[in-house]
Amino acid sequence: MTARRLSKLQRQILHQMWTQYERTQGGISTGHLDLVRALERDKSNVSHSLCTLEARGLITIGRSPGGQATHMDLTPEGRKWASNL
């Protein structure tokens, strides 16, 4: 793992996604609105952090034909990061 700085919100997102991943054994993806509700944060802030995490290769974002984020999954690199938080 290369050294990267993550914001508090990005760490919270990875932690939330890791918890979901462990609970479902990777069977269910995390939804965008589910994250917003769970973290009690503004949707635009969560969206920006998700795009940054995707650009860093820590998550993948599934999109609808209209381009809206529908679900997110941790990449293998993201699982390494999240398990160390």
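Predicted model: local features only at pLDDT ≥ 70, side-chain atom pairs only at ≥ 80, totals over all residues.
**Entry 1: the core.** Next I looked up where Ile13 sits among the nonpolar residues. The largest nonpolar core has 19 residues, and Ile13 is listed with Leu14, Leu35, Leu50 and Ile59 as having the most contacts inside it. I noted that H1, H2, H3, S1, S2 and helix H4 (76–83) each give two or more residues to this core. H1 supplies the largest share, five residues.

**Entry 2: helix H3.** Which residues of H3 are buried? I found Val46, Ser49, Leu50 and Leu53. They lie on the same side of H3, because they cover an arc of only 105° around the axis. Helix H1 (8–24), helix H2 (32–39), S1 and S2 are among what covers them. On the other side of H3, I found His48 and Ala55 exposed.

I also checked the length of H3. Its 13 residues (43–55) should span 18 Å at 1.5 Å a residue, and the end C-alpha atoms are 18 Å apart, so the two agree. Just after H3 comes Gly57, with a positive phi of about 80°.

**Entry 3: the hairpin.** My last stop was the strands. S1 (residues 59–63) pairs with S2 (residues 69–74) in the antiparallel sense, over five bridges. Arg63 has Ala69 in S2 as its bridge partner. Five residues lie between the two strands of this hairpin, and in the turn Gly67 has a positive phi of about 95°.

Definitions and conventions. Residues numbered from 1 in each chain as written. Heavy atoms only, no water. Pairing = 2+ DSSP bridges. Helix = DSSP H or I, 4+ residues; strand = E, 2+ residues; numbered from the N terminus. Expected span 1.5 Å × (residues − 1). Buried < 20%, exposed > 50% of the residue type's maximum accessible area, 1.4 Å probe, protein only. Arc of directions from axis to C-beta. Contact = heavy atoms within 4.5 Å. Core = buried A, V, L, I, M, F, W, Y, C linked by side-chain atoms within 4.5 Å.
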